[in-house]
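This briefing sets out selected structural features of one protein chain for computational work. The points are grouped by topic and are to be read alongside the sequence and coordinates.

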Amino acid sequence: MKKVIRVGADPFPPYQYYSEDGSVRGIDFDTVSRAFSQAGYEIKVELYDFPIVERMMHDGKMQAAFQVQPTPQRKKIYHFSQLLREAATELVTAKEGIDISEYKEIETKGLTLGVLEGYTNGPDIDALSADIKRVYPDNQTLLRAISAGEVDLGVFDRGVKQYLMEQNGITNIRAIDTMTFLRPLYVVFMDKDLRDAFDRGLSAIR
């Protein structure tokens with residue numbers, strides 16, 4: 001009988017989300033589940049905003065979390081897995097005539113940037129002035145704000161953007177291709193031995 005552990009992530013369709021029947025599904029969920037199963041564990045995945053997931057990790061109520069970007073602070077707290085995958089992050093807009101080749105141009109051109117609350121977008125974006133940023137609680141609200149022209153630009157995961165555009169019938173958002181970058185995502189653990197077991201499972205399914 002496999003040991004059951006609790007694993008957290010934030011809702012991020014199509015990578016992890018609650019389906020209509022209440023079960024968790026998604027691309028990253030499938031990969032993580034298979035790796036844990038290969039390592040001899042059964043997982044119970046729960047989706048919350050990531051600050052809640054982190055608090056549950058620190059309180060010992062969860063043993064792992066996935067789709068996590070590394071930061072200096074997180075590296076001091078967690079044991080990071082092998083690379084789960086690289087995600088493409090895009091700078092997107094619904095407005096004509098906007099062309100950006102460096103992030104600092106967002107400030108110098110007096111443009112506004114929509115970002116997700118509590119998310120790390122990489123040092124270049126995170127270092128931009130808070131005055132030009134408009135913070136949104138979730139991806140769907142951010143996408144609609146960009147589509148409606150409430151903000152000039154937005155930061156979006158490519159897969160999430162494509163999924164939500166199809167779901168909401170939005171067709172007027174385009175990526176500024178020269179500004180697309182890859183960000184690494186991992187599974188994090190409080191326990192090193194569990195991390196090592198997961199890594200063995202992940203290697204076995206690849």
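**Helix H7 and its surroundings**

Directly after H7 comes Gly169, with a positive phi near 65°. The model described here is predicted.

*Burial and ends of H7*

- Helix H7 spans residues 158-168, and its buried residues are Gly159, Val160, Lys161, Leu164 and Met165.
- These buried residues pack against four elements: strand E7 (85-93), helix H6 (139-147), strand E10 (153-157) and strand E11 (174-175).
- At the start of H7, the backbone nitrogen of Gly159 has a side-chain oxygen of Asp157 within 2.9 Å.

*Packing of H6 on H7*

- The axes of H6 and H7 are 10 Å apart, and the two helices pack at an angle of about 75°.
- H6 is therefore roughly perpendicular to H7, since angles of 65 to 115 degrees are classed in that way.
- H6 contributes Asn139, Gln140, Leu143 and Arg144 to the contact, while H7 contributes Val160, Lys161, Leu164, Met165 and Asn168.
- By class, the residues of the contact between H6 and H7 comprise four nonpolar, three polar and two charged.

**Nonpolar cores**

- The largest nonpolar core has 20 residues, of which Val7, Val32, Phe36, Val45, Phe66, Val187 and Phe198 touch the most other members.
- At least two residues of this core come from each of strand E1 (3-9), helix H1 (27-38), strand E4 (41-47), strand E5 (64-68), strand E12 (181-189) and helix H8 (192-205).
- In soluble globular proteins, nonpolar side chains tend to be buried together.
- Beyond its neighbours within four places in sequence, Val7 contacts Phe36, Ile43, Lys44, Val45, Glu46, Met62, Ala64, Ala65 and Phe66.

**Contact between H1 and H8**

- The axes of helices H1 and H8 cross at roughly 110° and come within 7 Å.
- On the H1 side, the residues involved are Thr31, Val32, Arg34, Ala35, Phe36 and Gln38; on the H8 side, they are Leu194, Phe198, Gly201, Leu202, Ala204 and Ile205.
- The contact of H1 with H8 contains eight nonpolar residues, three polar residues and one charged residue.

**Individual residues**

*Ala39*

- Ala39 is located in the loop between H1 and E4.
- With a relative accessibility of 24%, Ala39 is classed as partly exposed, because the buried class requires a value under 20%.
- Apart from neighbours within four places in sequence, Ala39 has contacts with Ala197, Phe198 and Gly201.
- The C-alpha atoms of Ala39 and Lys104 are 45 Å apart, and the two residues are separated by 65 residues in sequence.

*Arg183*

- Arg183 is part of strand E12, and its relative accessible area of 9% makes it buried.
- The side chains of Arg183 and Thr89 are joined by a polar contact of 2.5 Å.
- Neighbours within four places in sequence aside, the contacts of Arg183 are Phe12, Gln69, Arg85, Glu86, Ala87, Ala88, Thr89 and Asp157.

*Arg195*

- Arg195 belongs to helix H8 and is buried, at 13% relative accessible area.
- Outside the four places on either side in sequence, Arg195 touches His79, Phe80, Ser81 and Phe189.

**Backbone features**

- Most residues other than glycine have a negative phi, and most peptide bonds are trans.
- Gln67, which is not a glycine, has a positive phi near 65°.
- Gln67 sits in strand E5 and counts as buried, with 10% relative accessibility.
- The peptide bond between Pro13 and Pro14 is cis, with omega about 10°.
- Pro14 is placed in the loop between E1 and strand E2 (17-18).

Terms used: Residues numbered from 1 in each chain as written. Predicted model: local features only at pLDDT ≥ 70, side-chain atom pairs only at ≥ 80, totals over all residues. Heavy atoms only, no water. Core = buried A, V, L, I, M, F, W, Y, C linked by side-chain atoms within 4.5 Å. Buried < 20%, exposed > 50% of the residue type's maximum accessible area, 1.4 Å probe, protein only. Contact = heavy atoms within 4.5 Å. Polar contact = N/O pair within 3.5 Å; in protein donor to acceptor, adjacent residues only side chain to side chain. Axes fitted to C-alpha atoms, helices over the stretch in contact; angles between N-to-C directions. Parallel < 35°, antiparallel > 145°, perpendicular 65-115°, else oblique. Nonpolar A, V, L, I, M, F, W, Y, C, P; charged D, E, K, R; others polar.
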